[in-house]
Amino acid sequence: MIYLDNSATTKPCKEAIRAVAENMEHNFGNASSLHKMGINAELVLKDVKKTILDKLGLTGEIFFTSGATESNNTVLFGVPKAYKHNGKKIVSSSFEHPSVDMPLKELSEAGYEVVRISPLGEKSFEERIIDEVDGNTLMVSVMWVNNETGYITDTAKIYNGVKRKNPKTIVHVDGVQGFCKIPLKTLKADFISLSAHKIHGPKGIGALYCAKGSRFLPLLYGGGQQKNLRSGTEPVDIIAGFGAAVKAYPDCTARYESLNSRLSEKLSTLEGITFNSFNNAKNILNFSVRGVRSEIMLHFLEEREIYVSSGSACSKGKKSGVLSEFGVSDSDADSAIRVSFSPETTEEDIEALFEGIKDGIIRFRR
């Protein structure tokens with residue numbers, strides 16, 4: 001099997017599996033309990049928080065959530081409640097994940113002015129985001145790495161520019177696709193959403209980074225865990241798996257660059273291949289095979305046990321509309337393939353994928 005759909009989810013690494021199993025068996029206490037089992041569980045939470053903060057290279061607080069969808073929703077609904085008098089304008093991109101896009105639609109219906117910025121324009125995307133910020137701007141919410149094309153947003157440039165124009169404006173970043181995978185130089189925010197299952201950790205666990213001094217009101221109310229901001233008994237076992245995955249993820253910057261270049265070069269030798277990725281994280285490559293619909297190529301490759309994607313798995317096979325925001329025509333979007341690498345991806349995997357696409361073109365292109 002050749003798995004090249006790592007932007008959708010990843011195979012849990014051995015370290016994460018081991019950490020989950022060991023904590024399920026030996027460290028199953030409630031972190032709120034006052035006895036030794038509770039204290040041991042709490043120590044795991046503290047250790048994983050430190051691991052994530054160290055990986056981010058930031059200081060602040062980490063809150064554990066059920067995943068990045070909850071993290072994004074917590075910020076988008078919790079920040080407006082906490083900063084009621086800071087304005088009613090929210091600036092975002094036109095290519096966000098549904099867990100940001102849908103809350104923004106809800107906020108728009110509730111009376112907030114939501115401005116979405118395209119990645120295409122005469123000025124840079126970052127400059128146009130900053131240009132939209134004014135005295136009424138409550139929040140800027142942008143993704144660090146786009147899940148379909150790999151497009152990288154320089155959130156550090158946005159953060160610095162936004163704070164110069166309006167220091168009260170909160171900056172939120174969906175950091176899911178970039179965390180552990182690309183260098184940190186383009187990352188900076190008041191809030192950062194993270195997910196374990198995108199970096200070979202378990203599903204069902206995410207995190208929300210909160211910078212010192214930043215506030216939000218909770219989505220969930222209950223026992224008052226996590227400083228009364230995210231109630232619910234912490235799942236120590238999968239939190240431990242999250243931490244183990246962060247520690248185990250290697251620096252693949254050069255590896256991804258090499259794999260991406262090799263695949264791009266080989267695909268360029270085929271007729272009717274167009275590339276939809278630019279300014280992208282090198283673990284993601286999106287391209288169109290003109291004359292062959294995405295699902296036909298996807299299932300043809302699946303017969304060879306090669307797994308790729310035709311777009312965002314979160315769209316459940318529906319057109320997400322993201323590619324059109326990057327200037328991709330409807331016909332090219334209908335034939336788009338997204339390939340996403342992992343630390344286990346090899347040159348042989350790239351060869352097999354290329355041969356599969358070449359054979360698929362011969363068989364299906366009309």
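# Packing and sheets in a predicted model

Trainee: Is the crossing of α2 and α7 left-handed or right-handed?

Mentor: The crossing of α2 and α7 is left-handed. A crossing is given that name if the near helix is turned anticlockwise from the far one by less than a right angle, and is right-handed if clockwise. Please note that this is a predicted model, in which local features need pLDDT of at least 70 and side-chain atom pairs count only at pLDDT 80 or more, while totals for chains, interfaces and linings use all residues. Residues are numbered from 1 along each chain as its sequence is written, and side-chain values use heavy atoms, with hydrogens and water left out.

Trainee: At what angle do the axes of α2 and α7 cross?

Mentor: The axes of helix α2 (residues 36-56) and helix α7 (residues 236-248) cross at roughly 30° and come within 9 Å. The two helices are therefore roughly parallel. Angles under 35 degrees count as roughly parallel, over 145 as roughly antiparallel, 65 to 115 as roughly perpendicular and the rest as oblique. Axes are lines fitted to C-alpha atoms, for helices over the stretch in contact, and angles run from 0 to 180 degrees between N-to-C directions. Helices (H or I, at least four residues) and strands (E, at least two) are DSSP runs, numbered from the N terminus.

Trainee: Which residues of α2 and α7 make the contact?

Mentor: From α2, they include Val44, Leu45, Val48 and Ile52. From α7, they include Ile239, Phe242 and Val246. Contact means heavy atoms within 4.5 Å.

Trainee: Moving on to the sheets: what is the order of the seven strands?

Mentor: The order is β2-β8-β7-β6-β5-β3-β4, in an open sheet with mixed pairing. Its edge strands, each pairing on one side only, are β2 (61-65) and β4. From one strand to the next, the twist averages 20°. Two strands pair if DSSP finds at least two bridges between them.

Trainee: Which strands pair with β3 in the parallel sense, and over how many bridges?

Mentor: Strand β4 (residues 113-117) pairs with β3 over five bridges, and Lys89 stands opposite Glu113 there. Strand β5 (residues 137-143) runs parallel to β3 and is joined to it by four bridges; Ile90 has Met139 as its bridge partner in β5.

Trainee: Why is β3 largely enclosed by the rest of the structure?

Mentor: Five of the five residues of strand β3 (residues 89-93) are buried, so the strand is largely enclosed. Lys89, Val91 and Ser93 point one way and Ile90 and Ser92 the other, and all are buried. Buried means under 20% relative accessible area, exposed over 50%, and partly exposed in between (1.4 Å probe, protein chains only).

Trainee: And what lies across β7 and β8?

Mentor: Helix α3 (residues 68-82) does, and it also lies across β2, β5 and β6 (170-174), running at about 160° to β7. Strands β7 (residues 191-195) and β8 (residues 206-210) are themselves antiparallel, over five bridges, with Ile192 opposite Tyr209. Ser71 is in α3 and is buried at a relative accessible area of 0%. Beyond its neighbours within four places in sequence, Ser71 contacts Thr65, Ser193, Leu194, Ala207 and Leu208.

Trainee: What is the phi of His200?

Mentor: Phi of His200 is near 75°, a positive value in a residue other than glycine. Most residues other than glycine have a negative phi. His200 is in the loop between β7 and β8 and counts as buried at 9% relative accessibility. Asn279 also has a positive phi, of about 45°; Asn279 lies in the loop between β9 and β10 and is partly exposed at 43% relative accessibility.

Trainee: Which strands make up the open sheet of three?

Mentor: The order is β9-β10-β12, with antiparallel pairing. β9 (273-275) and β12 (336-340) are the edge strands, and the twist averages 30° from one strand to the next. Helix α8 packs on this sheet, touching β9, β10 and β12, and its direction makes about 10° with that of β10.

Trainee: At what angle do α8 and α12 pack?

Mentor: Helix α8 (residues 253-267) and helix α12 (residues 347-364) pack at about 25°, with their axes 10 Å apart. They are therefore roughly parallel. Their crossing is right-handed, and the contact includes Leu259 and Leu263 of α8 and Ile350 and Phe354 of α12.
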